[in-house]
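Grab a pencil and work through these exercises with the model open beside you. Each task comes with a solution that goes step by step.

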Amino acid sequence: MKHRIYISDIASYKDQEVTLQGWVYNKRSSGKIKFLIIRDGTGMIQGILAQGKCEECALKMFDELTQESSVQVKGFVREFKNNFELSVKSLELIHKTLDYPITPKEHGTDFLMDRRHLWLRSSRQHAILKIRSELIKACRDYFDGQGFTLIDAPIFTPSACEGTTTLFEVKYFDDKVYLTQSGQLYLEAACQAFGKVYCFGPTFRAEKSKTRRHLTEFWMIEPEVAFNDLNDDMDLAEDFLEYSVQRTIKNRKKELETLERDTKILANTKAPLPRISYDEAIDLLKKEGVDFEWGGDFGGTDETVLANHFDKPFFVHRFPSAIKAFYMKEDPKSQKHSLSMDVLAPEGYGEIIGGGQREERIETLLAKLSEHELDPKYFEWYLDLRRYGSVPHAGFGMGIERCLAWICGLQHVRETIPFPRMLYRTTP
Ligand code: 4AD
Ligand code: MG
């Protein structure tokens, strides 16, 4: 007998004696039979304690067991109505939990968030983070499978990528640096060395937004490809999103069921995804009676109104240059438009991907830096990329939490990351 097996592997131990280690999820008695629900992180199983089949001391100990006590259980694996149960032989208490604060009754979100370190054990949070783990793996497998090279971008950065208003400043010996907002600028360098690259890591935004879509620390996956233009960029995002979403919903069916997520619309994430320009999006908004002036960025409600027109994720491209970052290339057909794109998720989830084609001409880039009041001194290395074999290139970034909130059908991004960092929360 193996020392310990995992509940996820239980099917291969039918009619055998096994040892499980885990925590008490719940228990109940019905006459002489006692039921113990145990979880071990890989799954849950019902243990059955019956007189005669189980050691006397185990039956006694059962009465003492409390929610979330840790235990070791020995017993026989039985198949019952397509389900596996454990006919318990012996029971060992590893640690007795007293007054576990999260009980099966309803708790407020703040109460639960303050106890996030324990809340992770609940079946809902467990399901969400299992789906997160799969989504991240799918995203990485996509790029790895397409011949991309993983390039890790630095976290300490000397300058802004996405605007100076959302930078976290960090003391750096006698100097200061900023926490990265995006790995993009470094990927632009790397794509001229490796052709196709991606990075995946934490990114930081000092955004004073207290919305259901904003975290101050979130994880972003960002590809960058030399010689790609805006259309190639949208093709890549489309293929990437189809692969990642389809694989996640296929491999995490059970967890999505736990969340009672209707996956019909998720399953629509297949190429081709609709592509509309910013100007066309405004026409749509106006038709819906939304008073929207050209030049502005879409707010949450605008995005929802737009998304109601589509039953799958869709692109909005060519946003006004003035509302986009300094590196965005202007549309050669219209200076006031940029070769940018966002992917908006349906069902009111809004932007999940942002990207576009980068400015590859040094003079234009210098002018943009000054327009955005960015000191070119910090961008000398970035300008070098435009001095030595400059080429058109494009990329995008997808926030894992935004995409996951949509996949899981969650109201707020705070449950999509193990330990969320938000305007008013940096603990636990
Ligand atoms: O649109 P953003 O700001 O684009 C960039 O950072 C580019 N440099 C990416 C690139 O082209 N390589 O951010 C990209 C994505 C958004 O679409 C969203 O999914 C997520 O990052 N995001 C956030 N997620 C959670 N909280 C926030 N505060 C976020 N800000 C952006
Ligand atoms: Mg954006």
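**Exercise 1. Two helices**

Which residues in α9 meet which residues in α10?

Before you start, note that this is a predicted model, where local features need pLDDT of at least 70, side-chain atom pairs count only at pLDDT 80 or more, and totals for chains, interfaces and linings use all residues. Residues are numbered from 1 along each chain as its sequence is written, chains are lettered from A and ligands numbered from 1 in the order in which they are written, and side-chain values use heavy atoms, with hydrogens and water left out.

*Step 1.* Find the helices: α9 covers residues 278-287 and α10 covers residues 300-307. Helices (H or I, at least four residues) and strands (E, at least two) are DSSP runs, numbered from the N terminus.

*Step 2.* Look for contacts, meaning heavy atoms within 4.5 Å. From α9 you get A281, L284 and L285; from α10 you get D302, V305 and L306.

*Step 3.* Sort them by class: five are nonpolar, none is polar and one is charged. Here Ala, Val, Leu, Ile, Met, Phe, Trp, Tyr, Cys and Pro count as nonpolar, Asp, Glu, Lys and Arg as charged, and the others, Gly among them, as polar.

*Step 4.* Check the angle. The two axes come within 10 Å and cross at roughly 90 degrees. Axes are lines fitted to C-alpha atoms, for helices over the stretch in contact, and angles run from 0 to 180 degrees between N-to-C directions. So α9 and α10 are roughly perpendicular to each other (angles under 35 degrees count as roughly parallel, over 145 as roughly antiparallel, 65 to 115 as roughly perpendicular and the rest as oblique).

**Exercise 2. Antiparallel partners**

Which strands does β4 pair with?

*Step 1.* Start with β1 (residues 17-30), which pairs with β4 (residues 70-80) in the antiparallel sense over seven bridges. Across this pair, V18 stands opposite G75 and T19 stands opposite K74.

*Step 2.* Go to the other partner: eleven bridges join β4 to the antiparallel strand β5 (residues 83-95). In β5, V77 has L86 as its bridge partner.

*Step 3.* Look at the turn. The β4 and β5 hairpin has two residues between its strands, and K81 in that turn has a positive phi of about 50 degrees.

*Step 4.* Compare with β1, which is joined by seven bridges to antiparallel β2 (residues 33-39). Their hairpin also has two residues between the strands, and G31 takes a positive phi near 65 degrees.

**Exercise 3. Around the ligand**

How many residues surround ligand 1?

*Step 1.* Count the residues near the ligand (one of their heavy atoms lies within 4 Å of it): there are 23, and the closest are E162, Q184, E222, E351 and I352.

*Step 2.* Look for polar contacts (a pair of N or O atoms within 3.5 Å; within protein, one must be able to donate a hydrogen and the other to accept it, and residues adjacent in sequence count only if both atoms are side-chain atoms). The side chain of Q184 has an N or O atom 2.7 Å from a nitrogen atom of ligand 1.

*Step 3.* Turn to ligand oxygen atoms. One is 2.8 Å from an N or O atom in the side chain of R205, and a polar side-chain atom of R358 lies 2.9 Å from an oxygen atom of ligand 1.

How values were computed
Pairing = 2+ DSSP bridges.
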